[in-house]
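Please open the structure in a viewer and follow the stops below in order. Each stop names what to select and then describes what is found there.

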Amino acid sequence: MDFEDTPELADFRARVRSWLDANAVRRTDQLFMSMEGEEAFREAKAWYKAKADAGFACLSWPSEYGGAGLTSLHDVVWAQEVENYRTRDGYFVIGIGNCGPAIQHFSTEDVKRELLPRMASAEDVWCQLFSEPSAGSDVAGLRTRAERDGDNWKINGQKIWTSGAQYSDYGVVLTRTDPDVSKYRGLTLFMIDMRQPGVEVRPIKQMDGGQHFNEVYFQDAIIPDSYRLGEVGGGWTGALTVLMSERLAISGIQPTGFPQFLDLVRSLELNGEPIADDPIVRERLATWYSQYAGLQAANKRMITAVAKGGVAGAEASLGKLVGAVMNQEIANFCCQLFGPAGIVSDENLSPERGHFQHAVLFSPGVRLAGGTDEVMRNIIAEQVLGLPQEPRADKGMAFKDIPTGPS
Ligand SMILES: Cc1cc2nc3c(=O)[nH]c(=O)nc-3n(C[C@H](O)[C@H](O)[C@H](O)COP(=O)(O)OP(=O)(O)OC[C@H]3O[C@@H](n4cnc5c(N)ncnc54)[C@H](O)[C@@H]3O)c2cc1C
């Protein structure tokens, strides 16, 4: 494939650049941007609304759902350009990147027209309620129940690690509706109003000081049947759509830390010498550059598939796996380079405004979110390389018969 922009895409790229220059901060001018607190959230909503008003939100969504009616290649151009800026888009990635595609696929026309435009303009924020205390990698083992109640469903149970639930107006929730069939067949996917009685959100404090994710408790929370996504018992298909969209969304924005490392190597001196002259730094630079270049090549392969009308496949897991590991390694290496200053995480005192110190504390979570390293390796082994499936002891067993502990 020819990776040069078509004249139309080149024109679009120029418009994106000039809008970002006028409305966002360059990454090189501001290394760190806080995502914590009400004020940061309000600023993020205002930024996203301006982006939507300028016609740059949800580029490939149909216009009747609040999108710009463009193509996936426009999404790619936006992602390539926005990488050079600091924005607070993170609050909206789960809704727009993960939940939106499943809603477009599985919801009714009325509900799509009601909810998607408000998601696309960031008026409503969404979260993804899949993981539970005993169902993370094996999310199909979840226990939150949904029971019929006339035209509604009644939800009881607990979710955990729900990013952004404290800000969310709605969520996409995966529930168990039938424990008598195998674990994958007894699941149903819904949208849920997070502001109703019976939904309790408890933030979890992280080691980096932030409160990014939450526990969420449901006690007789109500969902109208019109908010069901797909068939009763067909929730696993919907969940896979959400998870594949998530991996794609993450692989596009997966922080690798490499551009920041390159900026640092260009500017930092150690004992009066540029660190770029240090042989260990040069060896690390070469290693991470080759990984970064490899990721970009894999990304281009996905773009080629999308440009030819296909979908990005399990290869998105490769970007997630390699990028997340590199991100953590770079953060750890840079903090060692800083010597004693490497342990001071202070925006005003630390080198590079504490970016790498913050990354040391947050990057382990990135290796878990959206599927752990081991789960990514399983997906690559089975779905990309075609290796045999790992043994699954509960295959074909009714969910209620799966042992949960020593008897
Ligand atoms: C920052 C962050 C944000 C998150 N946001 C959300 C969110 O918004 N919504 C949501 O629903 N969830 C969210 N999660 C949860 C995330 O999806 C889970 O943490 C992840 O799927 C792993 O599940 P677990 O934590 O239960 O670990 P477990 O599944 O218990 O895994 C424990 C260990 O066992 C390994 N393991 C498990 N199964 C296998 C296997 N088959 N083969 C080899 N090794 C295996 C894992 O790799 C891991 O090392 C978030 C997590 C993080 C860290």
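Begin by selecting tryptophan 288 and phenylalanine 333: both residues are buried, a term for under 20% relative accessible area, with exposed meaning over 50% and partly exposed in between (1.4 Å probe, protein chains only). The model is a predicted one, in which local features need pLDDT of at least 70 and side-chain atom pairs count only at pLDDT 80 or more, while totals for chains, interfaces and linings use all residues. Residues are numbered from 1 along each chain as its sequence is written, and side-chain values use heavy atoms, with hydrogens and water left out.

**Aromatic pairs**

Rings of Phe, Tyr and Trp (its six-membered ring) pair if their centres lie within 6.5 Å; planes under 30 degrees apart are stacked, over 60 edge-to-face, and the rest tilted. By this rule there are 21 aromatic pairs. Select phenylalanine 258 and tyrosine 289 next: their rings form a tilted pair, 6.1 Å centre to centre with 50° between the planes. Phenylalanine 258 belongs to helix α7 (residues 258-267) and tyrosine 289 to helix α8 (residues 279-307), 31 residues apart; helices are DSSP runs (H or I, at least four residues) numbered from the N terminus. Phenylalanine 258 counts as buried because its relative accessibility is 3%.

Return to tryptophan 288 and phenylalanine 333. Their ring centres are 5.6 Å apart and their planes stand at 70°, so the pair is edge-to-face. Tryptophan 288 lies in helix α8 and phenylalanine 333 in helix α9 (residues 316-337), so this pair ties together parts that are 45 residues apart in sequence.

Now select Phe12, Trp19, Trp47, Phe56 and Trp78, which form one aromatic cluster.

**Salt bridges**

A salt bridge is a side-chain nitrogen of Lys or Arg within 4 Å of a carboxyl oxygen of Asp or Glu. The count by this rule is 25 salt bridges. Select glutamate 81 and arginine 13, whose closest N and O atoms are 2.8 Å apart in a salt bridge. Glutamate 81 is in helix α3 (residues 72-82) and arginine 13 in helix α1 (residues 7-23), so the pair ties together parts that are 68 residues apart in sequence. Both glutamate 81 and arginine 13 are buried.

Finally, select glutamate 200 and arginine 202, whose side chains meet in a salt bridge (2.9 Å, N to O). Glutamate 200 counts as partly exposed at 39% relative accessibility, and arginine 202 counts as partly exposed at 37%.

Conventions: Helix = DSSP H or I, 4+ residues; strand = E, 2+ residues; numbered from the N terminus.
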